Amino acid sequence: MSSHVSPIREPLVQGHKTYHDITEDLVSPTERAPGAAWITGFALSVSMLGFGLFCIAWTIWHGIGTWNLNRTVGWGWDITNFVWWIGIGHAGTLISAILLLFRQKWRTGVNRAAEAMTIFAVICAALFPGIHVGRAWVVFYFFPYPNTRGPLWPNFNSPLLWDLFAISTYFTVSLLFWYTGLVPDFATVRDRAKGFRRKVYNFLSFGWTGSAKHWQRWESLSLILAGIATPLVLSVHTIVSFDFATSVIPGWHTTIFPPYFVAGAIFSGFAMVLTLMIVTRKLLKLEEYITIAHIESMNKVILVTGTIVGVAYLTELFIAWYSGYVYEQFAFFNRAAGPYWWSYFGMMFCNVVSPQIFWKRSFRRNIAITFFVSIVINIGMWFERFVIIATTLARDYLPSSWSYYTPTWVEIGIFIGTLGLFFTLYLLFTRVAPVVAIAEVKSILKTAGDQYTGPNAIHNHSDHTSGAETDSEAGFDTIVETSASAISMTSGMADSATSNVEESQEPNEDSDVVTTDAGVKVRSTTGVDDLKKIEGIGPKVSDILNEGNIYTFSELADVEVPYLRQLLDAAGPSYKSHNPESWPEQAALARDGKWAELKDLQDRLDGGKYV
């Protein structure tokens, strides 16, 4: 395991946490009484939800005429909001599934809340198709089933029917994926609970005992669901785009819509995850588990997907010009210079321009800037869906039917209600389940905790059990690592079979050199630094330096460059090409724990490549 631990890579768990600390920090928000901030947010969310329910009841009672839809604009805020919520629901499962399949450790800080966001966003999205049909009591016609009302079957060629299958399948798989990850954590909460609460969590955890068989089946199921969910993420918004692309309306009838919609959905979903995580880490005091490193990684994805969306916008404009089709050209000219120009340029600024700020590392790591940009992107992606729908429908082939669509208070109220529903569900989720996955954070503690890696590490990289002996939860790791150490020692004794005398080592006071019973002085591994962290030093060169009695960063920092050249020359002609000029300077930075400065120096060396 020690080979996977880097003192340069930024830790993902701060605060020198033990296993017990992780359990305490992540479970306690579900046990203690909610604070004033949570109560205020919940009251506001419920109020928004109540207003939305009133607007839905108003629509059903008075009819769809309470919306400002007319013979030209048949889709307005309803489908705009539907596509927007579906887009937000994408990134949650994508983050968790893709990063799980690629074994990315930084997923542990954000995957749980992201998966929950998917579930709640899809619930909000599913509300709109049922409302916008006008007569909500005939929604069951969406489902293909034989009936006694005549030969009435849904049109299987309609993308609206494909939506139903795609979204329901995606919701089911995402729900299973989310709940599977919750099972071990529900068991942890159960073991700390009493009375009726314990019975509830025992039911939710399905009798989880933490046995090896349970963990094996849990991981297998997680990987299977992740493998299923990943293509579903691509298929769902592709099918949503078919609602538009299979029509013959200029501005919609385009083949770029499927990848364009998928990229936009991932883009908006990541932005919403950032918005939620920044607020959650502050309110629940999870800064040590949702770190700046997590936020920076998310911002890198935002930058990439935002650039892809920008390329899609430009591709649309180019194809409209290149096609020579006057109606298509007018549709895009109308978006930029028509009555909805403000929404088009708002979309361009929010989605294309604002993410480019994350090219600068200090901005990617700035909480305030990240939170502001995430809100801007959420607004911009809503503008994108509004531009596609409103600008296209408001001006069709006949100028006599042109209109200017504006929503009524009922449409706005329903959208506010879905925001209230989303945040109400999310706030309730934070009260009944750990927002950060307990089991997964523990699994990366010894390779990503700040007491084991990074500039503030207090344990040697070869000793992963330090600081955890007092916690019974560390028992499994201790057994595994003790077994690995025993195998390693057995192998080492076999390799050095030249001696038949069993040697015992007694450390001197400096704990750096040990003396065997045979009187031979050798250096112990506890006082050895990993010299391969220095740019230009690989495993072979590291061994050469060790033979020259250079084992630590401090020793390398104090050595003269001519001596290093002498060691390399003596090792053979293949090592004469190595340039040790910067090694003492790098070693001095590593010795002083200045890892950020070391990385900057290494980035300037050899085109940014470092070992």
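**Close-up views of a predicted model**

**View 1. Histidine 16 sits in the segment before H1.** Helices and strands here are DSSP runs (H or I for helices, at least four residues; E for strands, at least two), numbered from the N terminus. Keep in mind that this is a predicted model, with local features needing pLDDT of at least 70 and side-chain atom pairs counting only at pLDDT 80 or more, while totals for chains, interfaces and linings use all residues. Residues are numbered from 1 along each chain as its sequence is written, and side-chain values use heavy atoms, with hydrogens and water left out. Now, back to the residue: histidine 16 isn't a glycine, yet its phi is positive, near 50°. Most residues other than glycine have a negative phi. Histidine 16 counts as partly exposed, with a relative accessibility of 32%; the cut-offs are under 20% relative accessible area for buried, over 50% for exposed and in between for partly exposed (1.4 Å probe, protein chains only).

**View 2. The whole protein, for orientation.** DSSP gives 21 helices and three strands. Of the 611 residues, 50% are buried. Take the contacts (heavy atoms within 4.5 Å) with a separation of 6 or more: 73% of them join residues 24 or more positions apart.

**View 3. H1 packs against H15.** Two packed helices are described by the angle between their axes and the distance between the axes. For helix H1 (residues 19–31) and helix H15 (residues 438–448), that's an angle of about 150° and axes 10 Å apart. H1 is therefore roughly antiparallel to H15. The axes are lines fitted to C-alpha atoms, for helices over the stretch in contact, and angles run from 0 to 180 degrees between N-to-C directions. Angles under 35 degrees count as roughly parallel, over 145 as roughly antiparallel, 65 to 115 as roughly perpendicular and the rest as oblique. H1 passes H15 in a right-handed crossing. Handedness goes by the near helix: turned anticlockwise from the far one by less than a right angle it is left-handed, and clockwise it is right-handed. Tyr19, Ile22, Thr23, Leu26 and Val27 make the contact on the H1 side, while H15 brings Ile438, Val441, Lys442, Leu445 and Lys446.

**View 4. Zooming in on leucine 445 of H15.** This leucine 445 is buried, at a relative accessible area of 2%. Set aside the neighbours within four places in sequence, and leucine 445 is in contact with Val13, Lys17, Thr18, Tyr19, Ile22, Gln451 and Tyr452. Leucine 445 and isoleucine 22 are 423 residues apart in sequence, but C-alpha to C-alpha they are 9.4 Å apart in space.

**View 5. H3 and H7 cross at roughly 155°.** The axes of helix H3 (residues 77–101) and helix H7 (residues 212–245) come within 9 Å. H3 is roughly antiparallel to H7, and H3 passes H7 in a left-handed crossing. Among the residues in the contact are Phe82, Ile86, His90 and Leu94 of H3 and Leu223, Thr230, Val233 and His237 of H7.

**View 6. Glutamate 115 lies in helix H4 (residues 111–132).** Buried or exposed, at 4% relative accessibility? Glutamate 115 counts as buried. Not counting residues up to four places away in sequence, glutamate 115 touches Gly92, Ser96, Arg107, Phe177 and Trp178. Leucine 175 is 60 residues from glutamate 115 in sequence and 8.2 Å away in space, C-alpha to C-alpha.

**View 7. Helix H10 (residues 326–337) has a buried side.** Look for Glu328, Ala331, Phe332, Asn334 and Arg335, the buried residues of H10. They cover an arc of only 155° around the axis, so they sit on the same side of H10; the arc is that of the directions from the helix axis to the C-beta atoms. Those buried residues pack against helix H9 (292–323), helix H11 (341–353) and helix H13 (367–394). Turned away from the buried side is a face with the exposed residues Val326 and Phe333.

View 8. Asparagine 549 isn't a glycine either, but has a positive phi of about 65°. At 51% relative accessibility, asparagine 549 counts as exposed.
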